[in-house]
Amino acid sequence: MAESDLTMARPAGTPTTQQVTGVVRAIAPAVFLALCVVAWQLAVLLLHVRTFVLPAPSVIILRIVRSWPQLLPNTLVTLQETLIGFAIGSLIGFLLALLIAYSSLLERILYPLIVASQAVPKIAVAPLFILWFGFGIWPKVVVTVLLVFFPVVVTSAEGLMSVDPNLIDLLRSVNANPWQIFIKVRLPHALPQVLAGLKIGIALAVVGAVVGEWVGADKGLGYLILFANSQLDTTLSFASITLLVVIGVVLFVAVDAIGRLVTPWKRVRTLDPGL
Amino acid sequence: MTAADLSREPVASPRAPAIEIERLRVAYGPLVALEETSLTVGACEFVSLLGPSGCGKTTLLKAVAGLVRPTSGEIRVMGGSVEEARRQRAFGLVFQDPTLLPWRRTEANAQLLAEIIGGRHWDPGRIDELLRAVGLKGFERAYPEALSGGMKQRVAIVRALAFDPQVLLMDEPFAALDALTRDRLGEVLLDVWRQSKPVIFVTHSIEEAVFLSDRVVVMTARPGRVLDEVHIELGRPRTHAMKESHEFFQATRRLRSLIDIAQGVAAQEGG
């Protein structure tokens, strides 16, 4: 009987087929990206597109190298705003989720406000933040926090509240205290969903920092893009955007990797960034 | 004091009452789940609750475990109140769903409750022994995701017994399993139980109830009440051969007719 319990054999292809599939899966994203870049390059060359309309990828890369002394400090500023905003936003989001999960009254009070906060266009309130928090990184951080906390609070609250009531009963039957129930069951149960919220949050954090910079800044990649546009320096604009994309992707992959590290029981069947 | 109480050997007579339920009534608002329910379970007695859906079997179990507050009536566990018993960590619970924690491996899942209770009730040797007894040797490091339904339920049984509770309460623990696994797990359960403590076992299966129990209590639905009970005159240890015996057939036939009555009563009252 035990044997029949244990039969977990899954249909396996021949090793060669599997190996081939594995290699294809590993390199497919890179190949596709390379094809897109080549197509872009060829299109610009063959159609004689002028650089201030759409620079070729080679031109952008050269510009990144050449303007590195200008790009690097601005990148670091935006990175700093992104990370601080992400950290504060995640923390606030998670704390709000705790309040919501543990009090249905607070849920009723807080949830409408939290949803309403997302309906406010950030670009419209960002000037106020400059008025309130000055001209430094803080108004940008606040915009980022506003964008980041929302997905975190929603997914975390959901995770914290979706514990099987039987499990709670089981722990109560041995007189477990609320802290034990939280630390042994609720928190680890919610962890995958908290991490899902953090992944959305980190992607939005970069956007938040740039939005904040657009409203009023004298450094940062968002500021640099505005500046480049005003000079019709499309290549610099694209160079900045490229670095923003790099920041966004690297941070996302980092959060995803940390997530996998802290939830080792989850099989690799979630979104596979293939990077 | 508490430790001394817990280490106490079962009362001399195996039929001496360990759980006494007297005229229990449980109502959820206007909905009466249980009414006028009285039941006594002996110190080492295996009692099954049998009855149609909605007859309050689960409610009865939860009331004994102190998870549902009775509207009226009284429950005494080991001579004390339910709250006292709960403080002494008297209850081992198993549900239909194994409710394992997906982030814990077999071993860690099995010791969850023992961990919360802590102290002298955390005995890794005992957990190891139980895991071997239920046939999970070699799967200590497996995550629940890698286990079959039957294996998960074995872990849940070990988890409930790991801290040596005074009472075992099981709510349709094998209902979600296929018939073969179900039979096998029934034997495993009897094996690890070894007539060491009182069991209340909720089930929908007449054969299962007869095979496992010393006594089967039939309940009616809406509101739940005790209709009648059948003593199972089979010796222990139970064997498969007993399923062919005259006593087994008699008990199942008697229970089937009681279930018919229970359902008839339910239909009449419902209509």
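How many residues of chain B are in contact with how many residues of chain A? In this predicted model, 25 residues of chain B touch 22 residues of chain A, where contact means that the C-beta atoms of two residues, placed from the backbone, lie within 7 Å. The model is a prediction in which local features need a pLDDT of at least 70 and side-chain atom pairs count only at pLDDT 80 or more, while totals for chains, interfaces and linings use all residues. Residues are numbered from 1 along each chain as its sequence is written, and chains are lettered from A and ligands numbered from 1 in the order in which they are written.

**Where the chains meet**

- On the side of chain B that touches chain A, the elements giving two or more residues are α3 (82-87), β6 (91-94), α5 (112-117) and α7 (149-161) of chain B; helices (H or I, at least four residues) and strands (E, at least two) are DSSP runs, numbered from the N terminus.
- The most comes from α5(B), with four residues.
- Sorted by class, this side of chain B has 15 nonpolar, four polar and six charged residues.
- For these classes, Ala, Val, Leu, Ile, Met, Phe, Trp, Tyr, Cys and Pro count as nonpolar, Asp, Glu, Lys and Arg as charged, and the others, Gly among them, as polar.

**Chain B as a whole**

- Chain B has ten helices and ten strands.
- The radius of gyration of chain B is 18 Å, close to the 18 Å that the globule rule gives for 271 residues, so chain B is as compact as a globular protein of that length; the radius is taken over C-alpha atoms, and the rule is 2.2 Å times the number of residues to the power 0.38.
- Along the principal axes, the C-alpha atoms of chain B fill a box of roughly 50 × 45 × 40 Å.
- Of the 271 residues of chain B, 48% count as buried: a residue is buried if 20 or more other C-beta atoms lie within 10 Å of its own, exposed if 12 or fewer, and partly exposed in between, with C-beta atoms placed from the backbone.
- Among contacts in chain B between residues at least 6 apart in sequence, 73% join residues at least 24 apart.

**A sheet in chain B**

- Four strands of chain B form an open sheet in the order β2-β1-β4-β5, with antiparallel pairing; two strands pair if DSSP finds at least two bridges between them.
- The edges of this sheet are β2 (31-42) and β5 (80-81) of chain B, each of which pairs on one side only.
- Strand β4 (residues 72-77) of chain B is joined to β5(B) by two bridges, and the two run antiparallel.
- B:Arg76 has B:Ser81 in β5(B) as its bridge partner.

**Backbone spots worth a look**

- Most residues other than glycine have a negative phi, and most peptide bonds are trans.
- The peptide bond between B:Arg236 and B:Pro237 is cis, with omega about 0°, and B:Pro237 lies in the loop between β10 (225-231) and α10 (246-270) of chain B.
- B:Glu172, in the loop between β7 (167-171) and α8 (179-193) of chain B, has a positive phi near 45°.
- B:Glu172 counts as buried because it has 20 C-beta neighbours inside 10 Å.
- A:His48 also has a positive phi, near 50°, and is found in the loop between α2 (15-46) and α3 (57-66) of chain A.
- A:His48 counts as exposed because it has 6 C-beta neighbours inside 10 Å.
- B:Gly135 lies in the loop between α6 (124-133) and α7 of chain B; its C-alpha is 8.2 Å from that of B:Arg154, 19 residues apart in sequence.

**Domains of chain A**

- Chain A is divided into domain 1 (3-45) and domain 2 (53-262), with bounds from an automatic or database domain assignment.
- The C-alpha centres of these two domains of chain A lie 31 Å apart.
- Their contact takes five residues from domain 1 of chain A and four residues from domain 2 of chain A.
- The domain 1 side of that contact has four nonpolar, one polar and no charged residues.

**Confidence in chain A**

- Chain A averages a pLDDT of 88, and 91% of the residues score at least 70; pLDDT is the predictor's confidence in each residue, from 0 to 100.
- Confidence in chain A is lowest in helix α1 (residues 2-6), at a mean of 43, and highest in helix α4 (residues 68-102), at 96.
- Over residues 1-12 of chain A pLDDT stays under 50, and the model has six contacts beyond four places in sequence for them.
- Residues 268-275 of chain A also stay under 50, with five such contacts beyond four places in sequence.
- Where pLDDT is low, the predicted coordinates should not be read in detail.
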